[in-house]
Amino acid sequence: MVTAVAAVLQAVGPGLAAAQSPERHVVRVPVTGTVELGLAPFLGRVIAEAEDSGAQAVILDIDTPGGRIDAAWQIIDDVRDSEVPVYAFVNRRALSAGAMIALSAERLFMLPGSTIGAATPVVGDGQKASEKMVSAMRSEFRALAEERGFDPMIGEAMVDESIVIEGVIEEGRLLTLTTSEAVELDVAEGEVESYEALIATLGLQDAQTTEPRPNWAEALVRFLTNPALAPMLLSLGFLGLMIEIRTPTFGLAGGVGLLCLFAFFGAHWIVHLAGLEELLLLGFGTLLIAAEILVIPGFGIAGILGGLAVLSAATFSMVGVFPTSGEIMEAAGIVGISILVLAALGYAIFRHLPHSRSMSGVFLEGSTSADTGYISAPDRADLVGQEGIAVTDLRPAGTAAIGEERVDVVTEGPWIAEGARVKVLQSEGVKHVVREIKE
């Protein structure tokens, strides 16, 4: 049974349609480089399409130093649940997570001079992971060994250097097997000189080989989950929302901010890093921040808790099921970098850009004064002392005829009836203060 994520990516990307596939064919899938979470949806889609097209086999062409264990778990689940036989071809090396993927296949073959093993989990600084993680990996390899029918202690020795097997591995050393050793210990079924020799060994020499490649959706997900891009997506997302808060309507900045956050959390959701818990934490934090801005005056406990919830959601969206201290520190570092970038961009936008020549037409600059030559209305000092007639009732504002002009005026306090004689006492900008002249 293939994951729902693989089914989604299958729908949006080009695949091995059954109508386009030959009657007898095998699917050769490269598992090279670092095993990361973007690889899992790709392999899931390929296996699903192989089932739909009636492929005779899926062959994992493996040459990897290892990678993320949670990604390997997703891959081996798809391999185990496949309705099409999945064979592993160790083409030089299958170490760490790569060894786990190779052992999950129905049959395992190795190129001469290849190696398999060295699967103890490590944290970001290269140190051995916690006993909890080591125990989980040890049990996983033991179960794979039992499925394949070789000594489970060999599988455990690939993970734990404390395992001793007489004539195979001594205490304090992690087990890594060469091709001949793996064949001798029944870890591998056989040694083959090339991919063509493997096909002949499997009796599939008359089948055509197809080699699928990641589609645009899978390539996009792998790009968006790149740790180097995450700080920029988070920074632009939060910056866009910050700008939107300071503007009266929802516009381009808010749209770009939401798009960046959607890209970050959506891509991590697809590769099973962000789950329901992280999305709920993100929503809760957003509601607290919105309440702080729109309902609660000032910035207090709700805003602080909301900010911490959003940052925690971002951090936990970048770690796996069993995060090591190194992975957590790396994720926290990415969030920290995004905060620094956000602070720098925010300072530039709200402090420096309004005063730059290129942005002078976009941002409203500070107020001006009469001292610099800018006034809201012409100075009418000539009106002071002149007399006129109230054209309208002044209650207290209205209109008066001063000489040959109609001027908007205001009384110094008491109301003045229409037709009364008035005298201008003061004139400042558009404000002209008058008093009634009594006989």
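Predicted model: local features only at pLDDT ≥ 70, side-chain atom pairs only at ≥ 80, totals over all residues.

## A first look

Arg92 is partly exposed, with a relative accessible area of 40%; partly exposed means between the limits for buried (under 20%) and exposed (over 50%), using a 1.4 Å probe and protein chains only. Residues are numbered from 1 along each chain as its sequence is written.

**The chain as a whole**

- The chain has 14 helices and 13 strands, which are DSSP runs numbered from the N terminus (helices: H or I, at least four residues; strands: E, at least two).
- Of the 439 residues of the chain, 44% count as buried.
- Among contacts in the chain with a separation of 6 or more, 63% come from residues 24 or more positions apart; a contact means heavy atoms within 4.5 Å.

**Strand S3 and what follows it**

- Val86 lies in strand S3 (residues 86-95) and is buried, with a relative accessible area of 2%.
- Leaving aside neighbours within four places in sequence, Val86 is in contact with Val58, Leu60, Val79, Ala105, Glu106 and Arg107.
- Val86 and Ala57 are 29 residues apart in sequence, and their C-alpha atoms are 5.8 Å apart in space.
- Arg92 is also found in S3, and it has a positive phi of about 110° although it is not a glycine.
- Ser96 is found in the loop between S3 and H4; it has a positive phi of about 55°, again without being a glycine.
- At 15% relative accessibility, Ser96 counts as buried.

**Two packed helices**

- Helix H3 (residues 69-81) and helix H4 (residues 97-104) pack at an angle of about 10°, with their axes 9 Å apart; the axes are lines fitted to C-alpha atoms over the stretch in contact, and angles run from 0 to 180 degrees between N-to-C directions.
- That makes H3 roughly parallel to H4, a description used for angles under 35 degrees.
- H3 contributes Ile69, Ala72, Trp73, Ile75, Ile76 and Val79 to the contact, and H4 contributes Ala97, Met100, Ile101 and Ser104.

**Nonpolar cores**

- The largest nonpolar core has 59 residues; such a core is a set of buried Ala, Val, Leu, Ile, Met, Phe, Trp, Tyr and Cys residues joined through side-chain atoms within 4.5 Å.
- The residues with the most contacts inside this core are Leu60, Met100, Leu103, Leu108, Ile116, Phe141 and Val187.

**Helix H13**

- Ala309 lies in helix H13 (residues 301-316) and is buried, with a relative accessible area of 8%.
- Not counting residues up to four places away in sequence, Ala309 touches Leu281, Phe284 and Gly285.

**Strands and a cis bond**

- Strand S12 (residues 421-428) and S13 pair in the antiparallel sense over six bridges, where pairing requires that DSSP finds at least two bridges between the strands.
- S12 and S13 form a hairpin with two residues between them, and Gly429 in the turn has a positive phi of about 65°.
- Strand S11 (residues 405-411) runs parallel to strand S13 (residues 431-436), joined by two bridges.
- A cis peptide bond, with omega about -5°, joins Arg395 and Pro396; Pro396 sits in the loop between strand S9 (387-390) and strand S10 (397-402).

Technical notes:
Heavy atoms only, no water. Parallel < 35°, antiparallel > 145°, perpendicular 65-115°, else oblique.
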